Amino acid sequence: MSDFAKQLNQALQQMYDRVCSCEDGLLSPVAIDRGIRLLENLNYPTNLIENLPPGSGDVAFPCANPLPRIISLAPQTILDLGCGTALDALFCVSSLPGLQQLTGLDASSKLLAKGEELLLHFPAEAEKITLFQADLNHLSRYRLEISELILMNGSFNLLYDKAGFFADLAPLLTKNGTLLIYDFLLSEALPPGFSDEVDNWLWNIGGALNSAELKKIVTDAGLKIIEINEIERIDPVARCEIIISHEKRGN
Ligand SMILES: C[S@@+](CC[C@H](N)C(=O)[O-])C[C@H]1O[C@@H](n2cnc3c(N)ncnc32)[C@H](O)[C@@H]1O
């Protein structure tokens, strides 16, 4: 792992751990929506938001609402990479009666602890959810079951070696499975030197790819981009839904 990748990992883990204890202080200068307001702006279903215990939605950082797409795919197994406080995990189990197992991984022990706390309020849903701390840069180190759907809601652009990550991820997706990424793609080039600063990666921009770069690393891993849907354009980036499958789907 390069020094830059190590620094990035440390900075991310510290930042997301601190988010849990410094609520207003740490993030107040950053003009980024988060928590319940973000969930509402992204059109998460009101009934699911209203059902949350007080405070449990405060550290939500999704890039988009994945629920309509996930419901249409109706997977039985989901791997949520960068699951944060497990809100998507809970919402998926609540919305998909046929879902049997959801595993959520995140690097931040503090976000995961908040997730476990949240799940105490939903014992029936919690039976289907397993959360554990893991570094997505080393996916092959963990014993993970293959899944019909892999979700990355805001975690993909935080990974430094995206090609290496895809190589480890491809075997974790069933033959007909779907990888759903919600993150920013570049609509224009970033200013020179921008991505050399760790700080510029922390909010998902410094590590953003353009669609040609994404296509290359997806194809190199034996995967295929099925669709890219632009949700919102904020040049030089666009918030996107990216749907990926295996190059060769099986029976
Ligand atoms: C933008 S947040 C999204 C969190 C969650 N999906 C949500 O919707 O609230 C990015 C998440 O990725 C996690 N993350 C970043 N780098 C990671 C890594 N190398 N391994 C595991 N998780 C990581 C962070 O801890 C954080 O929870």
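**Exercise 1.** Determine which residues of H1 meet which residues of H7, and how the two helices are oriented.

*Solution.* Step 1: Tyr16, Asp17 and Cys20 of H1 meet Ser109, Lys110, Leu111 and Lys114 of H7, contact being C-beta atoms, placed from the backbone, within 7 Å. The model is predicted; local features need pLDDT of at least 70, side-chain atom pairs count only at pLDDT 80 or more, and totals for chains, interfaces and linings use all residues. Residues are numbered from 1 along each chain as its sequence is written.

Step 1: Three residues of this contact are nonpolar, one is polar and three are charged (Ala, Val, Leu, Ile, Met, Phe, Trp, Tyr, Cys and Pro count as nonpolar; Asp, Glu, Lys and Arg as charged; the others, Gly among them, as polar).

Step 2: H1 (residues 3-21) and H7 (residues 109-120) pack at about 45 degrees, their axes 7 Å apart. H1 is therefore oblique to H7 (under 35 degrees is roughly parallel, over 145 roughly antiparallel, 65 to 115 roughly perpendicular, the rest oblique).

**Exercise 2.** Describe the shell around the ligand.

*Solution.* Step 1: The ligand is surrounded by 23 residues, the closest being Pro62, Gly82, Gly84, Ala107 and Gly154 (C-beta atom within 6 Å). Step 2: H1 gives the largest share, three residues. Step 3: The shell has 12 nonpolar, eight polar and three charged residues.

Definitions and conventions
Axes are lines fitted to C-alpha atoms, for helices over the stretch in contact, and angles run from 0 to 180 degrees between N-to-C directions. Helices (H or I, at least four residues) and strands (E, at least two) are DSSP runs, numbered from the N terminus.
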